[in-house]
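This briefing goes with the sequence and structure shown below.

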Protein chains: 2
Amino acid sequence: MPEATSAAALPVVYRCTIGPEWVDFNGHLRDGYYMVLFSSAVDALMDLAGLDEAGRKATGHSWFTLEAHVNYLHEVKQGAAVEVRLQLLGLDAKRLHVALSLYAQGGTECMALTEQMLLNVDMVGPRSAVFAPAVAAYLQPLAAAHASLPRPAQIGRVMALPQPK
Amino acid sequence: MPEATSAAALPVVYRCTIGPEWVDFNGHLRDGYYMVLFSSAVDALMDLAGLDEAGRKATGHSWFTLEAHVNYLHEVKQGAAVEVRLQLLGLDAKRLHVALSLYAQGGTECMALTEQMLLNVDMVGPRSAVFAPAVAAYLQPLAAAHASLPRPAQIGRVMALPQPK
């Protein structure tokens, strides 16, 4: 099971429990709130990379989401304890391309996957800026380690209606 | 200005004001909440198509979001009065492919655009189902009218780091 093995090797960057304010009348996580959850996972990654509140103040930097794609694979119920795993798909001087996947805590079935392009921004401007050295030093080994992992099938996907048979 | 003309011709399906619970410490709409806003716009489209609460009860149908792509183009501030415009990109017996664009009310500058694939679902199962006749009768003329409009540049986009020069 190479997929399960590689997914298990990915670092968990965020854990939470699905609260009642995020679900619809069926008790399922609403589509929009998956992205709120993934946004919190990006905040957690920023913390890990040294861009917590103190780091943002020291560098004057933050990250902006330029673009995102999400595939909803399974329903997520109120009260579910979930985790978000990170795969760094690409990195340059000022951008990172990430895959974030949602699992039950310790689970093996991906419930949703988002691919996002994030830009490092100097909040004076605001304008794009190269990563601060300490942030780059955190991200570069992660990108190198993740480069050899298989990419989830949904990455780079173009959505379209199925062709008539 | 053909783009502005065609955007102005698109129906507005949802209007709201950006509340304080959706913004970050800079007073800007957080990335995840754009998708919550677009989710409400899909709810509003369901209402227009006859799948309001009574219609959902009568048909047993609802719509599930399978997949979405979003491009963040401009910051949106707390207190902004915004509207979501709809372009139906495609329609088959049980799926609709939509573009939803976010503007200031009456504005001409697109602030974010999402492309989504939605599936009609019979909640008994749940399993995919053909649209109820009245719903199809609402969607088909809209799809026909929108088929000749130019598609936004972001539709079908595959995200990637820029190639080094």
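Which residues of H2(B) are buried? In this predicted model, the buried residues of H2(B) are Asp31(B), Gly32(B), Tyr33(B), Tyr34(B), Met35(B), Leu37(B), Phe38(B), Ser39(B), Ala41(B), Val42(B), Leu45(B) and Met46(B). Two of these, Tyr34(B) and Ala41(B), are named again in the core, and the chain A counterpart of the helix, H2 (31-48), is among the elements that give two or more residues to the side touching chain B.

- Helix H2(B) covers residues 31-48, and its 18 residues should span 26 Å at 1.5 Å a residue; the end C-alpha atoms are 27 Å apart, which agrees.
- After H2(B) comes Gly50(B), which has a positive phi near 95 degrees.
- The largest nonpolar core has 76 residues, and the members that touch the most others are Tyr34(A), Ala41(A), Tyr34(B) and Ala41(B).
- Leaving aside residues up to four places away in sequence, Ala41(B) touches Val13(B), Tyr14(B), Val84(B) and Leu100(B).

**Contact between the chains**

- On chain A, 26 residues are in contact with 26 residues of chain B.
- Four elements of chain A give two or more residues each to this side: helix H2 (31-48), strand S2 (61-72), strand S4 (95-104) and strand S5 (112-122).
- S2(A) supplies the largest share, 8 residues.
- By type, the residues on the chain A side are 12 nonpolar, 8 polar and 6 charged.

**Relation of the two copies**

**Strand S5 of chain B and its partners**

- S5(B), residues 112-122, is mostly covered, with 8 of its 11 residues buried.
- S2(B) and S5(B) run antiparallel and are joined by 11 bridges; in S5(B), Val121(B) is the bridge partner of Ser62(B).
- S4(B) and S5(B) are likewise antiparallel, joined by 8 bridges, and Leu119(B) in S5(B) is the bridge partner of Arg95(B).
- S5(B) also pairs in the antiparallel sense with strand S6(B), residues 127-128, over 2 bridges.
- In that pairing, Val121(B) has Ser128(B) as its bridge partner in S6(B).
- The hairpin of S5(B) and S6(B) has 4 residues between the strands, and Gly125(B) takes a positive phi near 135 degrees there.

**Helix H4 of chain B**

- H4(B), residues 133-146, has 14 residues and reaches 20 Å from its first C-alpha to its last, close to the 20 Å expected at 1.5 Å a residue.
- Val135(B), Leu139(B) and His146(B) are the buried residues of H4(B).
- The cover over these buried residues includes strand S3 (81-91) and strand S4 (95-104) of chain B.

Note on methods. Residues are numbered from 1 along each chain as its sequence is written. Chains are lettered from A and ligands numbered from 1 in the order in which they are written. This is a predicted model: local features need pLDDT of at least 70, side-chain atom pairs count only at pLDDT 80 or more; totals for chains, interfaces and linings use all residues. Two residues are in contact if their C-beta atoms, placed from the backbone, lie within 7 Å. Ala, Val, Leu, Ile, Met, Phe, Trp, Tyr, Cys and Pro count as nonpolar, Asp, Glu, Lys and Arg as charged, and the others, Gly among them, as polar. The expected span of a helix is 1.5 Å times one less than its number of residues. A residue is buried if 20 or more other C-beta atoms lie within 10 Å of its own, exposed if 12 or fewer, and partly exposed in between; C-beta atoms are placed from the backbone. A nonpolar core is a set of buried Ala, Val, Leu, Ile, Met, Phe, Trp, Tyr and Cys residues joined through C-beta atoms within 7 Å. Two strands pair if DSSP finds at least two bridges between them.
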